[in-house]
Amino acid sequence: MYKSPNPLSPEARGQLSETLNARLTVGLDLHSQIKVAHWNIKGPQFAALHPLFETFAVSLAAHNDSVAERAVTLGGKAYGTSRHVAKTSRLPDYPQETSKDLEHVRLLAERIESYLTGVRESRKVAEQHQDTDTVDLLTGIITEFEKHAWFLRASLEG
Ligand SMILES: [Fe+2]
């Protein structure tokens, strides 16, 4: 571990950095999948969903940056090349031949929910180390992406 302005032990910072990197990997994978949905979506809901998916992607890119920089602030490294992500992400790959609007909605809802499960796991690690700042960062992501998942699920109901 590198030196850090954070007072936690190197061991605690190592665990936090590791879990943040797991979130970064899935976040980067999910970002690319959202863009594929944004580009390929077709159907009656196109006008609403094409820009909505872009807002998800823009927001997730900013969160990925914050997660990476938190890992480095804590004295770790941030791993984020496409090849690293392809090797380590636990998200299922995106079926890129999909075109139908509501099929993209279902696929993204499932993947955002899987991402959220991981972010909650990381928040638990941060809570165990009483790292309120990492907890806050992750809570912000959870609150926002639960809302996005709700938008998607609401589009599938009714
Ligand atoms: Fe675009």
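Colleague: What am I looking at?

Modeller: This is a predicted model: local features need pLDDT of at least 70, side-chain atom pairs count only at pLDDT 80 or more, and totals for chains, interfaces and linings use all residues. Residues are numbered from 1 along each chain as its sequence is written, and side-chain values use heavy atoms, with hydrogens and water left out.

Colleague: How many residues are in the largest nonpolar core?

Modeller: The largest nonpolar core has 39 residues. Such a core is a set of buried Ala, Val, Leu, Ile, Met, Phe, Trp, Tyr and Cys residues joined through side-chain atoms within 4.5 Å. Buried means under 20% relative accessible area, exposed over 50%, partly exposed in between (1.4 Å probe, protein chains only).

Colleague: Which helices supply at least two residues each?

Modeller: α1 (10-40), α2, α4 (101-128) and α5 (132-156) do. The largest share, ten residues, comes from α4. Helices here are DSSP runs (H or I, at least four residues), numbered from the N terminus.

Colleague: Which residues have the most contacts inside the core?

Modeller: Ile34, Phe53, Ile112 and Leu152. Leaving aside neighbours within four places in sequence, Ile112 is in contact with Leu30, Phe56, Phe145, Ala149 and Leu152. Contact means heavy atoms within 4.5 Å.

Colleague: Switching to Leu49. Is Leu49 buried or exposed?

Modeller: Leu49 is buried, at 4% relative accessible area. Leu49 lies in helix α2 (residues 46-73).

Colleague: What is Leu49 in contact with, leaving aside its neighbours within four places in sequence?

Modeller: Ile41, Asp101 and Val105. Also, the C-alpha atoms of Leu49 and Leu102 are separated by 9.3 Å, though the two are 53 residues apart along the chain.

Colleague: Now aromatics. How many aromatic pairs are there?

Modeller: The count comes to three. Rings of Phe, Tyr and Trp (its six-membered ring) pair if their centres lie within 6.5 Å; planes under 30 degrees apart count as stacked, over 60 as edge-to-face and the rest as tilted.

Colleague: Why is the pair of Phe53 and Phe56 called tilted?

Modeller: Because their planes are at 40 degrees; the ring centres are 6.3 Å apart. Phe53 and Phe56 are three residues apart in helix α2, so about one helical turn separates them. Phe53 is buried, with a relative accessible area of 0%. Phe56 counts as buried too, at 0% relative accessibility.

Colleague: And what about Tyr115 and Phe145?

Modeller: That pair is edge-to-face, 6.0 Å centre to centre, with 80 degrees between the planes. The pair links distant parts of the chain: Tyr115 is in helix α4 and Phe145 in helix α5, 30 residues apart. Tyr115 and Phe145 are both buried.
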